[in-house]
Amino acid sequence: MDIAVTYGPLFPFINDQSIEEIWINTPERVFVARNGRSELTNLLLTDDEVRNIIERALMWSGRRLDLSQPFVDARLPDGSRLHVAIPEITAAHWAVNIRKHLMRHLELTDLAKLGVMTPEISEYLQVEVESGSNILVSGGTQAGKTTMLNALVSAIPTNERVITVEEVFELKPVLPDVIAMQTRGANIQGEGDIPLRRLIKESLRMRPQRIIVGEVREAEALDLLIALNSGLPGMGTIHANSARDAVMKLQTLPLLAGENISMKFVAPTVASAIDLIVHVTLGKDGKRRIAEISRITGRVENERVEVENTFKWNGREYEKGLGFQR
């Protein structure tokens with residue numbers, strides 16, 4: 001499918017490598033993001049033009065959008081990620097977000113050159129990945145979690161078999177032996193949905209040597225922890241405001257799996273399953289960087305998992321903490 005035809009009037013923004021995201025609040029208010037900062041464009045669309053763009057894009061993805069399914073999350077022909085919400089969920093117009101993932105093919109050394117981290121931290125993370133550490137990437141929206149995760153996955157030794165599990169295909173690690181799987185929504189009859197929990201369980205039957213979960217949001221956190229706690233190395237991302245908040249959230253999400261799951265079980269499981277938390281941020285200046293790297297010691301006290309800083313950005317440079325190991 002010709003992406004110029006698919007995107008129509010949005011194609012100049014799609015083709016502009018300085019633009020990282022496009023969103024439509026109303027047909028007359030189309031925004032883009034450059035270097036982490038938003039700009040209102042002078043593009044004026046109509047309701048029909050917006051709908052035609054989305055319908056063409058969804059024809060390629062195979063996902064549907066209608067009154068019974070008023071949200072959609074889909075991968076587009078160029079690898080971008082599309083999210084749409086329609087009335088009556090939104091007030092009057094279709095709300096559209098297109099995330100482009102410009103830095104998806106970058107490795108750790110590339111991110112170091114861009115100032116996301118120092119060369120020393122890049123080397124440190126490379127060693128941790130090669131040694132099989134279980135790593136959780138945390139951060140806010142647009143902080144660069146997927147980019148960081150993709151770079152970490154690309155550092156996995158090339159002789160290992162990697163299984164990735166995502167809601168929508170976003171990761172594209174530079175490795176020879178990779179199987180990528182994404183979730184599937186229910187059909188018109190409300191049947192046939194395949195959630196992340198199912199994919200994680202299925203991935204364990206595919207001879208993985210590493211398992212990667214694109215983003216942990218709900219009860220699938222339990223399945224990931226169980227997999228990592230069984231000796232299978234892996235990685236994932238989670239929304240959080242700090243490394244410690246990420247650990248607390250990872251302790252809380254598994255409780256959604258059922259009443260029989262308790263914090264007394266989850267806390268030691270987190271402590272033994274996760275090794276490193278890499279927390280990334282998006283600054284007010286639009287700069288993305290690693291804000292801190294923390295190591296989980298394996299100790300638990302009063303159902304709180306102990307965390308020690310390895311590297312922390314103080315606003316000028318990185319300080320090494322007690323968690324730094326060589």
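**Close-up views of a predicted model**

**View 1. W23 is buried, with a relative accessible area of 18%.** The model shown here and in the views below is predicted. The value for W23 falls under the 20% cut-off, so the residue counts as buried. F31 is also buried, at 14% relative accessibility. The structure contains three aromatic pairs. In one of them, the ring centres of W23 and F31 are 5.8 Å apart and the planes meet at 5 degrees, so the pair is stacked.

**View 2. Y124 and F311 form an edge-to-face aromatic pair.** Their ring centres lie 5.3 Å apart, with 75 degrees between the planes. Y124 belongs to helix 5 (residues 119–130) and F311 to strand 14 (residues 304–313), so the pair ties together parts that are 187 residues apart in sequence. Both partners are buried: Y124 has a relative accessibility of 0%, and F311 has a relative accessible area of 1%.

**View 3. R289 lies over the face of W313.** The distance from R289 to the centre of the W313 ring is 4.1 Å.

**View 4. Helix 9 and helix 10 cross at roughly 135 degrees.** Helix 9 covers residues 243–252, helix 10 covers residues 263–273, and their axes come within 9 Å. On the helix 9 side, the residues in contact are V247, L250 and Q251. They meet M263, V266, A267 and V270 of helix 10.

**View 5. Which residues of helix 10 are buried?** They are V266, A267, T269, V270, A271 and A273. In an α-helix there are 3.6 residues a turn, so residues three or four places apart point the same way. V266, A267 and V270 are among the residues of helix 10 that meet helix 9. The buried residues of helix 10 pack against helix 9, and also against helix 8 (220–228), strand 13 (288–301) and strand 14.

**View 6. T158 sits in the loop between helix 6 (145–154) and strand 8 (162–166).** Is T158 buried or exposed? With a relative accessibility of 56%, T158 counts as exposed. T158 still touches L175 and P176, leaving aside residues up to four places away in sequence. T158 and V174 are 16 residues apart in sequence, and their C-alpha atoms are 8.9 Å apart in space.

**View 7. The peptide bond from P87 to E88 is cis.** Its omega is near 15 degrees. E88 is placed in the loop between strand 5 (81–85) and strand 6 (95–99). Most peptide bonds are trans, and most residues other than glycine have a negative phi. The next two views show residues with a positive phi.

**View 8. N35 has a positive phi, near 50 degrees, and is a residue other than glycine.** Where is N35? N35 is in the loop between strand 2 (29–34) and strand 3 (37–40). N35 is exposed, with a relative accessible area of 56%.

**View 9. N302 also has a positive phi in a residue other than glycine, here near 55 degrees.** The residue is found in the loop between strand 13 and strand 14. At 70% relative accessibility, N302 is over the 50% cut-off and therefore counts as exposed.

Notes
Residues numbered from 1 in each chain as written. Predicted model: local features only at pLDDT ≥ 70, side-chain atom pairs only at ≥ 80, totals over all residues. Heavy atoms only, no water. Phe/Tyr/Trp six-rings, centres within 6.5 Å; stacked < 30°, edge-to-face > 60°. Buried < 20%, exposed > 50% of the residue type's maximum accessible area, 1.4 Å probe, protein only. Helix = DSSP H or I, 4+ residues; strand = E, 2+ residues; numbered from the N terminus. Lys NZ or Arg CZ within 6 Å of the ring centre and 35° of its normal. Axes fitted to C-alpha atoms, helices over the stretch in contact; angles between N-to-C directions. Contact = heavy atoms within 4.5 Å.
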